[in-house]
There are 2 protein chains.
Amino acid sequence: MKGPDKRRVRRPPKPKRAARALRDKSRSAEVRAGPGTTRRERSAATREAILAAALDEFSARGFAAARLEDVARRAGVAKGTIYVHFRDKETLFEELVRSSLGPVVGLLRQVPADTLTARAFLERLTETFAREVLGTRRKDVLRLVLTEGPRFPQLAQVHYREIIQRALPMLRKGLEGAYARGELTSDALVRFPQLLVAPALVAIVWDALFARFEPLDGAALMRAQVDLIFGGAAR
Amino acid sequence: MKGPDKRRVRRPPKPKRAARALRDKSRSAEVRAGPGTTRRERSAATREAILAAALDEFSARGFAAARLEDVARRAGVAKGTIYVHFRDKETLFEELVRSSLGPVVGLLRQVPADTLTARAFLERLTETFAREVLGTRRKDVLRLVLTEGPRFPQLAQVHYREIIQRALPMLRKGLEGAYARGELTSDALVRFPQLLVAPALVAIVWDALFARFEPLDGAALMRAQVDLIFGGAAR
DNA sequence: ATAATATGACTGACTGGTCAGTCATATTTG
DNA sequence: CAAATATGACTGACCAGTCAGTCATATTAT
């Protein structure tokens, strides 16, 4: 579906194109991985650099408006290099999300439900989430999932399977016990475990829209929700 | 970067371009406003049709990826007509948001804080929000604000001024009284009135991402939060 | 060890296609 | 018929994705 021939025919001399660029150490793979590294390691470093740059650009412009050329420049790489590591723009986005958020659920599941009081359990979950997501670039990735997810059904489905379906039942299970034991005065949380994460999402959205007018402390917001859940009783 | 010249050269006569389209009553302004209407009314109807179509397209594709040509087709109008009513794509978006969400704050402020118990007050607010936003296309507009807002600082600022700054203090004021009277056992809500709306945002986001796997009733989620606030005591 | 050869990460000019916005023209209406 | 409204072909800019070519490094042969 194109003319892959013309080029070959009227090829002008155009002698050493990449020479200067490659001799310019400031953007070589060596800078990204350091000296004394194998090809494999450098390649991996380049890949990471592209992912980091993609997060920056996607966050700033949104997926559709982000320019791969800018991602490349920010990563210190040529545009074509992106295609050495990722099939296309959409795959780049999906890999970014997967590699960033994948490990979080495991962390949350390490919080033990049975050896803690309900309040301690929820506090630990809240704390972990605030530290591992709200306190890192992962909050930007999560924001991208919220804002771009609707246009990536594939991505939404993976998230439902890998994150929601693993986290919510775990949470609900811990809460059911607590409710049965009378540690919770309402079954609202058991019916809607989403309420525990709601403040985090508000914080993420608020931050993107209104931070410059009035900052909002996401961790504090989550703690306030836990207060609410336990009727304001001090710990 | 292509041949922008060829086209100009081989210009054929092309006599009456729009003739057929305009004679096709199925897409005339008359259809949109009905017969016996003034020019003003018809123009306004066209404008509304464009806004409605824009909401559909922006919701489905996102602002950047939505094509104005599709908006026009959906509105039963030619692309140029959009520019008769709106300066550019961005203005169209801003007008859409303003005209849709503008009236909501007024509705919420009509709920009286002082003649009701705290619980009734929050229930009325919740109910109103669920009915006027979650239950209408306004939820899609609000979703657009959440997802596209970060790239429209102008829009975010207007929202902060017109909505946040008018709604939150009103809410906080009602809550302070309730807390002083002992109707609330925690000051969490007074410090973070955002917690009341958090479930609504979760519902909106969830709906866009996961509705096909597991629907979530936004109104019920908001009621559950009110339950939580009042420690599960029945009304 | 050293030269010859192979590998594959990386480059960037280029292509096809897309789309916001324009404007000369056409139609309708008061 | 003048003003208001609407039309859609056209333009210019933009950008994802391609691919022939380069070069440092890795592998193999001598």
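In this predicted model, A:Arg109 is partly exposed, with a relative accessible area of 42%. The residue sits in helix α7 of chain A. Once neighbours within four places in sequence are set aside, A:Arg109 is in contact with A:Arg166 and A:Met170. Another residue to look for from here is A:Thr126, which is 17 residues away from A:Arg109 in sequence and 12 Å away in space, C-alpha to C-alpha.

Two packed helices are described by the angle between their axes and the distance between the axes. Helix α7 (residues 89-109) of chain A and helix α10 (residues 153-180) of chain A have axes that come within 10 Å and cross at roughly 5°. Angles under 35 degrees count as roughly parallel, and α7(A) and α10(A) are therefore roughly parallel to each other. On the α7(A) side, the contact is made by A:Phe93, A:Glu94, A:Val97, A:Arg98, A:Leu101, A:Val105, A:Leu108 and A:Arg109. On the α10(A) side, the partners are A:Gln154, A:Leu155, A:Val158, A:His159, A:Glu162, A:Ile163, A:Arg166 and A:Met170. Sorted by kind, the residues of this contact are 9 nonpolar, 2 polar and 5 charged.

Is B:Gly106 buried, partly exposed or exposed? With 31% relative accessibility, B:Gly106 counts as partly exposed. Between B:Gly106 and B:Thr91 there are 15 residues of separation in sequence and 24 Å in space, C-alpha to C-alpha.

The contact joins B:Phe129, B:Glu132, B:Val133 and B:Leu134 of α8(B) to B:Arg138, B:Lys139 and B:Leu142 of α9(B). Of these residues, 4 are nonpolar, none is polar and 3 are charged. Looking at α9(B) itself, 10 of its 11 residues are buried, so this helix is largely enclosed by the rest of the structure. The buried residues of α9(B) include B:Val141, B:Leu142, B:Leu144, B:Val145 and B:Leu146. Among them too are B:Arg138, B:Asp140, B:Arg143 and B:Glu148.

Stepping back to the whole of chain A, the secondary structure comes to 13 helices and 0 strands. Of the 235 residues in chain A, 46% are buried. How much of the contact in chain A links residues 24 or more positions apart? Such pairs account for 63% of the contacts with a separation of 6 or more.

One of the buried residues is A:Thr46, at 5% relative accessibility. A:Thr46 belongs to helix α4 (residues 39-61) of chain A. Beyond residues up to four places away in sequence, A:Thr46 touches A:Ala29, A:Arg32, A:Val77, A:Thr81 and A:His85.

The nonpolar core comes next. Which residues touch the most other members of the largest nonpolar core, with its 146 residues? They are A:Leu122 and B:Leu122. Not counting residues up to four places away in sequence, A:Leu122 touches A:Leu171, A:Leu175, A:Leu189, A:Leu196, A:Ile229 and A:Phe230.

The last stop is the place where the two chains meet. The size of an interface is often given as the accessible area lost when the parts come together. Chain A and chain B bury about 4200 Å² between them, with 73% of it on carbon and sulfur atoms. A:Arg151, A:Tyr160 and A:Leu228 supply 15% of the area that chain A buries against chain B, more than any other three residues. In terms of contacts, 49 residues of chain A meet 49 residues of chain B.

A:Gln225 gives a detailed view of this meeting. The residue lies in helix α13 (residues 218-229) of chain A, and at 1% relative accessibility A:Gln225 counts as buried. Leaving aside neighbours within four places in sequence, A:Gln225 is in contact with A:Leu195 and A:Pro199 in chain A, and with B:Leu195, B:Gln225 and B:Leu228 in chain B.

Key:
Residues are numbered from 1 along each chain as its sequence is written. Chains are lettered from A and ligands numbered from 1 in the order in which they are written. This is a predicted model: local features need pLDDT of at least 70, side-chain atom pairs count only at pLDDT 80 or more; totals for chains, interfaces and linings use all residues. Side-chain values use heavy atoms; hydrogens and water are left out. A nonpolar core is a set of buried Ala, Val, Leu, Ile, Met, Phe, Trp, Tyr and Cys residues joined through side-chain atoms within 4.5 Å. Buried means under 20% relative accessible area, exposed over 50%, partly exposed in between (1.4 Å probe, protein chains only). Contact means heavy atoms within 4.5 Å. Axes are lines fitted to C-alpha atoms, for helices over the stretch in contact, and angles run from 0 to 180 degrees between N-to-C directions. Helices (H or I, at least four residues) and strands (E, at least two) are DSSP runs, numbered from the N terminus. Angles under 35 degrees count as roughly parallel, over 145 as roughly antiparallel, 65 to 115 as roughly perpendicular and the rest as oblique. Ala, Val, Leu, Ile, Met, Phe, Trp, Tyr, Cys and Pro count as nonpolar, Asp, Glu, Lys and Arg as charged, and the others, Gly among them, as polar. Buried area is the accessible area (1.4 Å probe) that two parts lose on being put together, summed over both.
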